[in-house]
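Q: Could you take one part of this model and walk me through it slowly, then show me what lies around it and elsewhere along the chain? I would like the cut-offs spelled out as you go.

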Amino acid sequence: MKERIEKARYPVFTRRALMLGGLKAGLLTVLAGRLYYLQVVDADQYSMLADENRMNLRLLAPPRGRILDRRGVPVATNRQNFRVVIVPEQAQSVEATLAALNEIVPVSAHDRARVLKEAARKRSFVPISVVDNLTWEEFARINVRSPDLPGIQLDVGDTRDYPFRSHMAHVIGYVAPVSEKDLKQGEGDPLLELPGFRIGKRGLERSQEASLRGAAGNQRVEVNAFGRVIRELSRTEGRPGQDIETTLDARLQRFAMSRLQGNSAASVVMDVYSGDVLAMASTPSFDPNAFNVGLTTTEWKRLTTNPRKPLTNKAVTGRYPPGSTFKMVVALAALESGIVNTSHRVFCNGKHQLGNHTFHCWKRWGHGWMNMIDAITESCDVYFYDIARKVGIDRIAAMSEKFGLGQQLLPDLPGESAGVVPTKLWKEGAIGEPWQIGETLIAGIGQGYLLTTPLQLATMTARIANGLQAVMPQIVKRPEPVRLKPLGVSDDAMDVIREGMHLVVHGKKGTARNSKMENRDWEMAGKTGTAQVRRISKAERESGVLKNEDIEWRTRDHALFVGYAPFDAPRYAISVLVEHGGSGSTAAAPIARDILEHTLTLDPSKAELAQAGAAQNGG
């Protein structure tokens with residue numbers, strides 16, 4: 001019986017064994033098929049994924065192009081930068097890693113907040129700059145502790161350096177980290193995503209950004225499971241940015257800045273034929289390297305709250321009444337219109353009456369009888385009230401345009417002001433009121449609505465000096481010279497103006513007679529200007545106008561001077577503005593004389609003239 005039962009169970013056991021065996025065989029077949037699929041069919045795909053885990057592709061920032069002066073001296077260049085970046089996806093906790101890093105090198109609260117903000121905004125695999133400009137000792141300490149700092153990577157790159165510091169700051173500008181606005185305007189350039197990447201924010205660094213930036217390279221590296229670089233597999237260098245050659249002379253720029261030191265002032269020196277801007281100084285200034293390293297809140301506040309505005313390039317963005325430096329334009333408008341000739345005379349008794357209004361001359365008791373050359377030499381206001389009234393504001397405005405006023409002249413410097421040259425139509429549009437004759441008189445002595453920049457005044461003077469072409473200022477050297485328009489003013493009229501400007505410095509009654517050049521082989525022609533910034537009441541005039549040194553700095557007159565040299569063979573033109581400096585003859589003219597004399601000593605255009613002559617002779 002027992003034997004019979006056991007025999008009956010054999011078929012059941014055999015069927016179960018077959019079923020289990022078949023199931024196992026099926027599973028093994030599926031597994032084998034899957035292994036075959038993974039290892040053979042999809043081998044390339046998974047090999048690629050494995051390589052992606054093992055290898056990283058990194059963008060390499062190209063070296064930024066240098067900015068050079070006219071002699072090839074670097075005024076903006078690059079230096080080595082030791083820095084730390086963090087890759088959020090490789091850090092278990094960004095906050096914990098930053099805290100650990102802070103025990104090795106200081107990480108400011110500002111930097112921590114910035115990194116956390118960028119980590120939340122950017123993709124997790126994008127590296128974020130934590131600390132820049134480390135010393136070699138700090139860099140080495142972090143390198144030793146790097147296994148305990150997940151997500152931290154050490155990097156050696158380039159950072160911007162400005163060897164002339166504050167002397168070139170306003171013209172060259174500076175670079176700074178990429179902002180969210182920059183990313184939106186960056187047209188998808190992956191370079192902008194790189195940690196610590198900087199772009200031009202002001203000056204030539206900004207206007208020449210496309211040329212200076214270059215194109216990215218790439219690097220393939222092998223990493224371990226912790227993201228640490230084991231070895232470099234391949235490297236393709238990027239295209240370096242182009243060098244930008246300027247027309248500036250670093251020697252002259254440094255001298256001009258030192259001569260303006262202590263004043264809130266600006267000066268521009270130009271070649272009267274080529275339009276090359278040889279120096280463009282604005283004081284006070286700032287160190288652009290500080291923006292590259294990073295400003296503290298205190299430093300930024302000190303710069304932005306300074307009443308003398310160190311961040312402002314006064315040479316191109318400052319707008320000032322030109323004062324008596326504008327009288328040459330009024331005189332030319334009178335001569336070219338035929339309304340007034342050189343023999344026209346006016347008696348100055350210290351004031352000019354228009355209806356119930358009295359317009360005063362700067363010389364209280366007057367200058368006596370004045371012709372045009374006398375009026376330029378002694379800067380007689382009454383004479384120019386008279387001819388401005390005869391000529392009219394629209395003719396004066398038309399002549400102003402010929403000499404570069406009321407327009408932007410230098411597109412290479414962002415933020416340039418066009419100033420204001422008023423007309424009847426301008427006032428109706430801007431203010432909604434009709435033009436008054438008294439406003440023409442005020443404009444005739446460079447006051448009222450009229451506003452100019454030091455660059456415009458230097459351009460005006462350069463055009464007076466060469467007398468033939470509407471020379472345009474340039475600060476970036478161009479491969480081909482720009483074709484200039486003729487000035488369209490008669491030689492006879494220009495001769496009168498130049499003679500008057502010569503006597504301003506060399507005449508017995510010239511307003512700048514105390515500012516002759518020390519080298520008597522050179523003679524300077526020029527024009528002083530004093531621009532009033534406050535209203536003088538009738539009571540103050542009767543009791544005596546207060547001296548500039550007796551009133552608050554903000555209410556003192558602006559001091560101006562424009563000039564060129566040598567008088568007999570003009571080569572260089574200059575404008576100088578001293579904010580609230582008082583008299584142009586005492587505050588601005590001596591500065592202009594010293595800078596112009598130093599320009600003649602250096603003679604920066606001489607080398608180019610010699611090269612041009614040699615090329616012509618060779619041809």
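A: Helices here (H or I, at least four residues) and strands (E, at least two) are DSSP runs, numbered from the N terminus. You are looking at a predicted model, in which local features need pLDDT of at least 70 and side-chain atom pairs count only at pLDDT 80 or more, while totals for chains, interfaces and linings use all residues. Residues are numbered from 1 along each chain as its sequence is written, and side-chain values use heavy atoms, with hydrogens and water left out.

Stay with H13 for a moment. This helix covers residues 327-337, and nine of its eleven residues are buried, so H13 is largely enclosed by the rest of the structure. Buried means under 20% relative accessible area, exposed means over 50%, and partly exposed is in between (1.4 Å probe, protein chains only). The buried residues form a list you can follow on screen: Lys-327, Met-328, Val-329, Val-330, Ala-331, Leu-332, Ala-333, Ala-334 and Leu-335.

Now step back along the chain. Asn-313 sits in the loop between helix H12 (297-305) and H13. With a relative accessible area of 8%, Asn-313 is buried as well. Leaving aside neighbours within four places in sequence, Asn-313 is in contact with His-170, Met-280, Ser-282, Gly-318 and Leu-413, where contact means heavy atoms within 4.5 Å. From Asn-313 to Gly-200 the C-alpha to C-alpha distance is 16 Å, and the two are 113 residues apart in sequence.

From here, turn to a sheet. Five strands form an open sheet in the order E12-E11-E19-E18-E17, with antiparallel pairing; two strands pair if DSSP finds at least two bridges between them. Strand E12 (277-283) and strand E17 (525-531) are the edge strands, each pairing on one side only. On average, neighbouring strands of this sheet are turned by 5° against each other, direction ignored. Such angles run from 0 to 180 degrees between N-to-C directions, and the axes are lines fitted to C-alpha atoms, for helices over the stretch in contact. Helix H10 (residues 250-260) packs on the sheet, touching strand E11 (265-271) and E12, and its direction makes about 30° with that of E12. Strand E18 (residues 558-565) and strand E19 (residues 572-578) run antiparallel and are joined by seven bridges. Across from Phe-561 stands Val-576 in E19.

There is also a hairpin to look at. Strand E14 (residues 351-354) pairs with strand E15 (residues 357-360) in the antiparallel sense over four bridges. Leu-354 stands opposite His-357 in E15. Two residues lie between E14 and E15 in this hairpin, and Gly-355 in the turn has a positive phi of about 60°.

Charged pairs come next. The structure holds 28 salt bridges, each one a side-chain nitrogen of Lys or Arg within 4 Å of a carboxyl oxygen of Asp or Glu. Arg-121 is partly exposed at 37%, and Glu-180 is partly exposed at 38%.

Asp-182 forms a salt bridge with Lys-201, with the closest N and O atoms 2.5 Å apart. Asp-182 lies in H7 and Lys-201 in the loop between strand E7 (198-200) and helix H8 (203-207), so the pair ties together parts that are 19 residues apart in sequence. Asp-182 counts as buried at 14% relative accessibility, whereas Lys-201 is partly exposed at 22%. Elsewhere, salt bridges that share partners join Arg-64, Arg-160, Asp-189, Glu-205, Glu-209 and Arg-213 into one network.

One more pair is worth a click. Arg-71 and Asp-69 meet through their side chains in a salt bridge (3.8 Å, N to O). Here Asp-69 is buried at 0% relative accessibility, while Arg-71 counts as partly exposed at 43%.
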